[in-house]
Amino acid sequence: MSTPTTTRPAASRTSADVSARLLRSAAKKSYDPAVDIDWDAPLDPQKTWTPAHRVSLYGTELWDALDEDQRRELAKHEACSVAGAGVWFETLLMQRLLKDFYDDDPTSDRAQWALTEVADECRHSQMFARMTQVAGVPSYGPVPWVRAMSKLYSLVTWGPSAYATILVAEEVLDRLQREQADDPDVQPLMRQVNKIHIMEEARHVSFARAEVADGMAARSRPARAYHRFATAFVSFFIVRSLIHPGVYSSVGIDPKRGRKAALANPHYQEMIRWAGEKIVGFLDEAGMVKGPGKPLLRRAFLLPRRARRRAPLAR
Ligand SMILES: [Fe+2]
Ligand SMILES: [Fe+2]
């Protein structure tokens with residue numbers, strides 16, 4: 001067996017230490033969205049659900065052709081689409097956490113934390129679903145074939161790749177939510193939802209980062225290569241599932257046309273890179289950003305595209 005050469009990222013603590021601390025933190029401060037959110041407060045029709053510059057078509061000709069009401073409508077559908085992707089991935093995460101709990105000593109801090117996180121994610125998924133219902137928007141989630149394929153998620157990822165992909169979903173969402181939580185132009189309900197999610201996700205991120213660091217440091221070279229590729233593969237679908245093509249129908253744009261314009265939109269590509277900046281930096285430090293999965297991270301816009309080589313000037 002080859003000796004692991006990946007080092008743990010600096011200043012990281014082991015998963016067991018982290019679990020004990022997180023259990024104390026969760027006991028002190030957790031939220032129940034059913035009572036901590038004012039679900040009956042009237043919506044402000046002039047407020048947006050996500051800032052215009054975070055809408056996938058922002059800056060395109062399709063965006064320029066929309067009036068203000070249509071832009072707010074599309075922003076609402078995209079905000080709920082991102083929440084729907086959150087529900088989808090939280091459900092996959094809960095399956096992973098329950099499998100880990102099943103294999104662990106239930107009295108250990110790590111196992112106790114796994115159940116605590118499942119409880120958090122149950123409340124989050126209910127919160128996102130209820131927000132979508134209040135917004136009057138369809139429940140989007142991933143496209144059907146990705147939803148069907150993702151039933152294999154907990155078979156093809158475990159250990160570092162499971163927690164690395166969870167981090168991609170959590171941290172990309174978190175960066176978008178942090179920007180919106182204090183934005184006075186964003187719908188108050190959306191801001192309340194974001195604040196609760198940000199607070200509780202910070203604990204999940206600490207746990208998952210420790211799991212990735214521990215897991216990669218303990219594995220052989222071939223195993224690390226597998227987890228790297230699995231992480232890139234799943235991350236591609238996470239990012240692609242944030243905006244469901246059906247959102248464009250809400251403003252009369254053909255879903256295929258809208259999707260194509262969004263994926264070609266440099267502004268949207270840069271938004272994804274920005275949202276994934278911190279987690280990609282961490283994954284790189286943990287030795288997870290190299291090898292054959294790297295082009296997938298580029299295609300997902302989590303890494304900048306390579307600059308095209310210029311043809312040599314003719315003499
Ligand atoms: Fe969550
Ligand atoms: Fe989470």
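## Overall fold

From the N terminus on, the elements of the protein run α-α-α-α-α-α-α-α-α-α-α-α-α-α. The radius of gyration is 20 Å, close to the 20 Å that the globule rule gives for 315 residues, so the protein is as compact as a globular protein of that length. Here the radius is taken over C-alpha atoms, and the globule rule is 2.2 Å times the number of residues to the power 0.38. In total there are 14 helices and zero strands; helices (H or I, at least four residues) and strands (E, at least two) are DSSP runs, numbered from the N terminus. Taken along the principal axes, the C-alpha atoms fill a box of roughly 70 × 60 × 35 Å.

This is a predicted model, in which local features need pLDDT of at least 70 and side-chain atom pairs count only at pLDDT 80 or more, while totals for chains, interfaces and linings use all residues. Residues are numbered from 1 along each chain as its sequence is written, and chains are lettered from A and ligands numbered from 1 in the order in which they are written.

## Burial and contacts

Buried residues make up 44% of the 315 residues. A residue is buried if 20 or more other C-beta atoms lie within 10 Å of its own, exposed if 12 or fewer, and partly exposed in between, with C-beta atoms placed from the backbone. Two residues are in contact if their C-beta atoms, placed in that way, lie within 7 Å. Of the contacts with a separation of 6 or more, 83% are accounted for by residues 24 or more positions apart.

The largest nonpolar core has 78 residues, and those with the most contacts inside it are Leu 167, Val 172, Val 212, Val 239 and Leu 283. Helix α4 (residues 68-103) provides the largest share of this core, 13 residues. A nonpolar core is a set of buried Ala, Val, Leu, Ile, Met, Phe, Trp, Tyr and Cys residues joined through C-beta atoms within 7 Å. Not counting residues up to four places away in sequence, Val 239 touches Val 172, Ile 272, Ala 300, Phe 301 and Leu 302.

Helix α8 (residues 159-181) has 23 residues and reaches 32 Å from its first C-alpha to its last, close to the 33 Å expected at 1.5 Å a residue. The expected span is 1.5 Å times one less than the number of residues in the helix. Helix α8 is mostly covered, with 18 of its 23 residues buried. One residue in α8 is Ala 169, which counts as buried with 24 C-beta neighbours inside 10 Å. Ala 169 touches Phe 89 and Ile 238, leaving out residues up to four places away in sequence.

Helix α10 (residues 221-240) has 20 residues and reaches 29 Å from its first C-alpha to its last, close to an expected 28 Å. Its buried residues include Arg 224, His 227, Arg 228, Ile 238 and Val 239.

## Packing of α1 and α9

Helix α1 (residues 15-28) and helix α9 (residues 188-218) pack at an angle of about 170°, with their axes 9 Å apart. That makes α1 roughly antiparallel to α9. Axes are lines fitted to C-alpha atoms, for helices over the stretch in contact, and angles run from 0 to 180 degrees between N-to-C directions; those under 35 degrees count as roughly parallel, over 145 as roughly antiparallel, 65 to 115 as roughly perpendicular and the rest as oblique. Among the residues of α1 that take part are Ser 15, Val 18 and Leu 22, and among those of α9 are Arg 203, Phe 207 and Asp 214.

## Selected residues

Pro 33 lies in helix α2 (residues 33-36) and is partly exposed, with 18 other C-beta atoms within 10 Å. Beyond residues up to four places away in sequence, Pro 33 touches Arg 123, Gln 126, Met 127 and Ile 196. Glu 121, in helix α5 (residues 109-135), is buried, with 22 other C-beta atoms within 10 Å.

Gly 291 is found in the loop between α13 (277-285) and α14. Gly 291 and Arg 228 are 63 residues apart in sequence and 7.7 Å apart in space, C-alpha to C-alpha. Phe 301, in the segment after α14 (294-299), has a positive phi of about 75° although it is not a glycine. With 22 C-beta neighbours inside 10 Å, Phe 301 counts as buried.
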